[in-house]
Amino acid sequence: MGHKMSEKNSVKTNNKHAVSAGRDVITSMIVIFAILMFVGTGGTVINEAIDSLSGYGGGSDKMLVSAFLLNIALILFGWRRYRDLAAEVNERAAAEERAHSLAVTDPLTGFLNRRTLTEKTAEMIAYAQRKNKSTAFLMLDLDNFKTVNDVHGHSAGDIVLKEVAARICDVIPPNNLLARLGGDEFACAFVFDPDQPEMVDRIADDLIDSIAMPIVENGNHLVVTTSIGMSRFDFESEGVDVLMRRADIAMYSAKKQGRNRFCWFDVSMEQELQTRNTIESGMRKGIPAGEFVPFYEQQIDLATGKLTGFEMLARWDSPTQGLVSPEVFIPIAEDTGMIGDLSLSVMRQTFEDAKTWDPSLSVSVNISPVQLLDPWLAQKIVKLLVETGFPPNRLEIEITESSLFENLSLAQSIVGSLKNQGIRIALDDFGTGYSSLAHLRALPFDRIKIDRSFVTSILDNPESAAIVKAITSLGESLGMPITAEGIEDKAIEDELRNIGCAKGQGWHYGRPLSTEQTRRVLSDRNLLPTQAAEEQVEKDDPEIVEPQRKMG
């Protein structure tokens with residue numbers, strides 16, 4: 001439909017131009033005719049007027065005078081029309097110039113836009129090949145630009161974009177290509193000597209240093225950094241599209257490595273991206289298909305050795321890749337926004353499993369930092385508890401310190417809603433965050449979990465031992481029990497027991513267990529109610545259970 005409308009508009013415009021051109025031709029013919037008449041009648045009328053004034057003539061012919069005056073009027077009309085046409089031509093040329101400028105440049109920064117950059121880069125590549133040179137293509141993406149918009153408003157964001165554009169102009173050599181691709185993404189391309197790639201590195205370093213300098217606006221220091229991906233076109237490259245795509249891949253690699261840095265494209269990055277895309281595609285199908293399942297890590301009372309509960313760990317039981325570790329799929333789920341659906345799906349299975357266990361056993365569930373930005377998270381968890389019938393007082397939600405850094409007020413609201421339902425809250429990975437004591441004061445935590453990095457090295461590293469002792473003492477003074485993660489052997493367990501840690505977990509007590517393995521462990525410890533155990537055995541093998549019932 002848009003194409004048809006465009007054709008109609010084009011036809012209307014052409015018709016207007018045709019009518020205007022026709023009128024111009026008619027006007028020109030009238031003016032030429034008037035000039036010819038003026039030449040033919042002007043001399044006679046003027047002579048007769050002079051003779052009449054001197055007393056020799058009998059007066060001017062009225063028809064000739066009228067024709068003469070009409071000629072003058074037509075000539076004046078033609079001159080005015082010519083002046084109007086000249087002004088119209090100038091306005092039309094200016095409008096076309098503005099339209100052309102908007103079509104090829106970004107109106108905010110004056111840089112080229114994406115479509116024009118592609119065309120100009122192709123021309124630059126052709127020029128570089130004739131000169132036996134290489135072409136460097138740099139893709140820049142601003143880090144933390146969203147924060148500037150959110151905190152200071154979009155007008156401040158526009159100021160930042162224009163200032164960044166000016167700084168790019170100052171760093172990039174003249175007569176090269178500069179573009180804004182949209183949002184906070186920029187690009188540039190230039191020719192360089194293939195024997196001196198370090199020149200490109202120096203330019204990238206200068207860009208990073210220049211853009212990172214604070215931008216002062218209305219007393220506010222607006223700070224952004226940039227991640228840069230770089231690719232080069234030599235004679236073996238495949239084209240401008242490949243050049244730009246490789247720079248884009250390298251830019252995301254720079255972000256992944258910590259941001260505020262540059263990366264040259266490497267073939268391994270493309271292979272990694274293809275692997276990631278395969279995993280992402282499989283996850284989108286696997287979440288609704290129930291391929292993501294819970295595994296359970298035992299939590300032990302260090303004083304008595306009693307099993308007190310489990311921490312749920314998500315695993316992907318992929319039909320093509322087998323059992324996939326969360327270290328592989330969790331970052332992708334967080335980046336793509338699938339983490340919420342994945343987490344709720346596995347939580348539902350966990351609640352269904354755990355409601356058949358002994359009521360003394362608790363379940364701990366980790367919440368992703370991305371999930372903690374969802375204002376409806378508490379309602380979603382409570383809804384799952386109601387639908388599955390799992391008691392809220394047996395659930396412990398674990399929140400990492402790093403997840404509190406981005407939006408503490410929203411985290412306080414979510415934690416408050418969960419606590420109101422009787423759900424316990426644990427602060428996970430304690431000691432690795434930004435402001436541990438402030439978070440303990442700001443949120444009503446029920447438990448502190450010491451990060452495994454301190455626990456595994458407690459016997460070998462005096463600093464780790466001191467940190468574990470300090471956290472344990474802090475927990476005692478605040479009335480918060482301590483759970484130590486990463487207990488790998490009995491020596492570590494004994495040391496933690498002497499220090500005063502209440503609970504522990506780790507491979508010393510066994511690897512994470514599937515649902516079936518967990519039920520067998522619980523059955524061995526008489527922590528699986530008889531009815532539930534019988535129903536599960538019947539589900540697994542009804543031919544065995546039915547004869548037993550008949551015999552009873």
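1. Two strands count as paired if DSSP finds at least two bridges between them. Strand β6 (residues 225–233) and β7 meet this with three bridges, and the two run parallel. Within this pair, Ile228 stands opposite Phe262 in β7.

2. The model is predicted: local features need pLDDT of at least 70, side-chain atom pairs count only at pLDDT 80 or more, and totals for chains, interfaces and linings use all residues. Residues are numbered from 1 along each chain as its sequence is written, and side-chain values use heavy atoms, with hydrogens and water left out.

3. The protein has 20 helices and 16 strands, taken as DSSP runs numbered from the N terminus (helices H or I, at least four residues; strands E, at least two).

4. β6 and β7 belong to an open, mixed sheet of five strands, ordered β2-β3-β1-β6-β7. Its edges are β2 (177–182) and β7 (262–264), each pairing on one side only. From one strand to the next, the twist averages 20 degrees; axes are lines fitted to C-alpha atoms, for helices over the stretch in contact, and angles run from 0 to 180 degrees between N-to-C directions.

5. Helix α6 (residues 198–212) lies across β1 (134–143), β3 (185–192), β6 and β7, at about 160 degrees to β6. Contact here means heavy atoms within 4.5 Å.

6. Of the contacts with a separation of 6 or more, 67% are between residues 24 or more positions apart. Of the 552 residues, 41% are buried, that is, under 20% relative accessible area (1.4 Å probe, protein chains only).

Conventions
Buried means under 20% relative accessible area, exposed over 50%, partly exposed in between (1.4 Å probe, protein chains only).
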